[in-house]
Amino acid sequence: MNAALQIPLEKKQSLHALAATNFFLADVQTGLGPFLAAYLAGAGWAPGRVGVLLTAGGILALSLQTPAGAIVDRVRSKRSILVGGSVLLALGALLLSLTAQPWAVYTSQLLIGGAGAFLGPTLAAVTMGLVGVKLFDLQFGKNQSFNSAGNVVCALLIAGVSELFGNRAIFITAAVLTVPTILSVLSIRRKDIDSQLARGGSKPWEQNREIEAASITRTLLGDRVLLIFFVCAFFFHLANAAMLPQLGEMLTHGARETAAPFMSACIVVTQIVIMCSAPAIGRYASAHGRKPLLLVGFSVLPIRAVLYTLIHNPTGLIAVQVLDGVANAIFGVVAILVVADRTRGTGRFNLVGGGLATAVSLGAAFSTFFGGKLIEHYSFRVSFLTLGGVAAIALALLWFCVPETLRDFTPPDVDSPISPCAQEAAA
């Protein structure tokens, strides 16, 4: 409560607009994400072919994430990035609504993947620029709550739209929802975003381009804790990303007409858990640390994989999505807090956030390909159990190799090209 009082009253409008942006942008991305695999399966695409498509989209996002973070650090007009990305999402959605032919589907993935690489880092940057370091934990948790609320509303909306008008209407709905997204972005007042806070840096770092360029490699590669955490994130998403799409594929082949409603129910359960827990996760992480929460989030993933092989009725499978909500709520909030901890004062918050997104995208891309091939050559059961084993590897690596990151940092010496993370590694 006291933290909330520290936010200047003149920024309240921008914070409300930020909440609306998270809400509506989640609507758009929900319509373009989990429903795609079920839509393509219903259009006659084989599981292996769907996996290749999703992998291609993931590889594109992977190649752009870290450069996107660096660009977000440099570009002062964060709102322009969000507006441009929303327009690209709308174009990709409209293309999917027209046809499921390979040329259209792959082109849409090019547009959607290209836009998506910029949206996450930019929203985090805007949040940091509005509230600063001390309130970032709390505000980012609220962001995730509104994001999940948008996912819930969109999943319910899509369930009704697909029932009345067919699966192609899903993507038309996603395109239409970019309009309130853009209006929300434009309601965030430019003057309320501190461009230096938004990049986690200070003016002397911005003024010396030679020092800044030298610090990129040191910031990304000079911090052992960050590198190990990125590996953990890779394995987490290698295990996690394919599970829900595979579940949708498995049930689509049995009853195509119920695929979209079932996926909507799964998404609603997951997102309600995130919506209700994300603000509390931000508060807990601020007061008690990051690692205990991360251990909980990583530990539920292997359990979820095993339950998918043991439960066969739709109601039970939907209930299992509570675990998905727990895992994704914790990772979605706490992972970016770890990045903020390790980059404080470096001016490289968004660059390293892009590095994290690269690890996530790499894991997600290989997950859909790996899972699809396991289904193609073995079975859904083998795929789920193998992904659960990968999740166990991620948990072990986090447990033994990643320390707590919530602690005080000394601001960097502006005359030194070495970031605090690199200084620590050298010590």
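Biologist: Which residue forms a salt bridge with Arg304?

Modeller: A salt bridge needs a side-chain nitrogen of Lys or Arg within 4 Å of a carboxyl oxygen of Asp or Glu. Here Arg304 pairs with Asp324, and the closest N and O atoms are 3.0 Å apart. Arg304 sits in helix α16 and Asp324 in helix α17, so the pair ties together parts 20 residues apart in sequence. Helices (H or I, at least four residues) are DSSP runs, numbered from the N terminus.

Biologist: What should I know about the model itself?

Modeller: It is predicted: local features need pLDDT of at least 70, side-chain atom pairs count only at pLDDT 80 or more, and totals for chains, interfaces and linings use all residues. Residues are numbered from 1 along each chain as its sequence is written, and side-chain values use heavy atoms, leaving out hydrogens and water.

Biologist: Is Arg304 buried or exposed?

Modeller: Buried means under 20% relative accessible area, exposed over 50%, partly exposed in between (1.4 Å probe, protein chains only). Arg304 is buried, at 2%. Asp324 is buried too, at 5%.

Biologist: How many salt bridges does the structure hold?

Modeller: Four. One of them joins the side chains of Asp137 and Arg290, at 2.8 Å from N to O. Asp137 belongs to helix α7 (residues 136-165), and Arg290 to the loop between α15 (259-288) and α16 (291-310), so this pair ties together parts 153 residues apart in sequence. Asp137 is buried, with a relative accessible area of 7%. Arg290 is buried as well, at 2%. Asp137, Arg290 and Asp341 are linked in a network of salt bridges.

Biologist: Which residues have the most contacts inside the largest nonpolar core?

Modeller: A nonpolar core is a set of buried Ala, Val, Leu, Ile, Met, Phe, Trp, Tyr and Cys residues joined through side-chain atoms within 4.5 Å. The largest one has 67 residues, and Phe298 and Leu356 have the most contacts inside it. Helix α17 (residues 314-343) gives the largest share, 15 residues. There is also a second, separate core of 42 residues, which includes Val126, Phe171, Val185 and Ile193.

Biologist: What does Leu356 touch?

Modeller: Contact means heavy atoms within 4.5 Å. Leaving out residues up to four places away in sequence, Leu356 touches Phe229, Phe230, Ala233, Phe331, Ala335, Ile336 and Val339.

Biologist: And Gln144?

Modeller: Gln144 is in helix α7. It counts as buried, at 16% relative accessibility. With the neighbours up to four places away again left out, Gln144 touches Ile274, Ala278, Gly332 and Val333.

Biologist: How do I read the span of helix α6?

Modeller: The expected span is 1.5 Å times one less than the number of residues. Helix α6 (residues 102-131) has 30 residues and reaches 44 Å from its first C-alpha to its last, close to the 44 Å expected. Of its 30 residues, 21 are buried, so α6 is largely enclosed by the rest of the structure. Just after α6, Gly132 takes a positive phi of about 85 degrees.

Biologist: Which residues form a nonpolar patch on the surface?

Modeller: Patch members have over 30% relative accessible area and no salt bridge; like charges are joined within 9 Å, nonpolar side chains (Val, Leu, Ile, Met, Phe, Trp, Tyr) within 5 Å. Val87, Leu88, Leu91 and Leu94 form this one, with about 300 Å² of accessible area together. Such areas come from the Shrake-Rupley method with a 1.4 Å probe. Leu94 lies in helix α5 (residues 78-98) and counts as partly exposed, at 39% relative accessibility.

Technical notes. Helix = DSSP H or I, 4+ residues; strand = E, 2+ residues; numbered from the N terminus.
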